[in-house]
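Trainee: Could we go through this structure together, one question at a time?
Mentor: Gladly, let's open it up.

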Amino acid sequence: GVQIRRFEPVQTAKVLGVVYGLVGLVLVPPLLLIAVFAPGEMGFGGSLATALMAPLLYALIGYIGTFIACMFYNVAARWFGGIEFERF
């Protein structure tokens with residue numbers, strides 16, 4: 001099999017940050033519905049801002065989390081070997 005010995009943290013984090021941002025976009029419609037029909041304690045403006053910030057927050061958290069995970073993976077792969085897979 002082939003082992004993944006190292007992930008480039010910045011490049012991997014950029015790609016997965018975009019993926020997480022796209023996932024955040026999926027959450028916008030339900031969050032907007034919540035903002036409209038159940039504004040709650042934050043009021044309509046706070047709920048609306050939360051709904052619109054979801055993709056950005058997901059992207060940022062995805063970027064940071066992926067970067068950290070890549071750093072840990074690279075250390076673990078150096079010690080124990082990388083994830084192994086077989087090509088078809």
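Mentor: To start, T66 lies in helix α2, residues 43-80; helices (H or I, at least four residues) and strands (E, at least two) are DSSP runs, numbered from the N terminus. This is a predicted model, in which local features need pLDDT of at least 70, side-chain atom pairs count only at pLDDT 80 or more, and totals for chains, interfaces and linings use all residues. Residues are numbered from 1 along each chain as its sequence is written, and side-chain values use heavy atoms, with hydrogens and water left out.

Trainee: Is T66 buried or exposed?

Mentor: Buried means under 20% relative accessible area, exposed over 50%, and partly exposed in between, with a 1.4 Å probe and protein chains only. T66 has a relative accessible area of 8%, so T66 is buried.

Trainee: Which residues is T66 in contact with, leaving aside its neighbours within four places in sequence?

Mentor: Contact means heavy atoms within 4.5 Å. With those neighbours set aside, the partners of T66 are T12, A13, L16 and Y20.

Trainee: How many aromatic pairs does a search of the whole structure find?

Mentor: Rings of Phe, Tyr and Trp (its six-membered ring) pair if their centres lie within 6.5 Å; planes under 30 degrees apart count as stacked, over 60 as edge-to-face and the rest as tilted. Searching the whole structure on that basis, the number of aromatic pairs is two.

Trainee: Why is the pair of F7 and Y73 edge-to-face?

Mentor: The ring centres of F7 and Y73 are 5.0 Å apart, and because their planes are at 65°, the pair is edge-to-face. F7 lies in the loop between β1 (2-4) and α1 (9-37) and Y73 in helix α2, so the pair ties together parts 66 residues apart in sequence. Y73 is buried at 16% relative accessible area, whereas F7 is partly exposed at 27%. To come back to your question, the value behind edge-to-face is the plane angle of 65°.

Trainee: Where is G24 found, and is G24 buried or exposed?

Mentor: G24 belongs to helix α1. Leaving aside neighbours within four places in sequence, G24 is in contact with A54, P55 and Y58. Its relative accessibility is 0%, so G24 counts as buried.

Trainee: How far apart in space are G24 and L52, C-alpha to C-alpha?

Mentor: In sequence, G24 and L52 are 28 residues apart. In space, their C-alpha to C-alpha distance is 9.3 Å.
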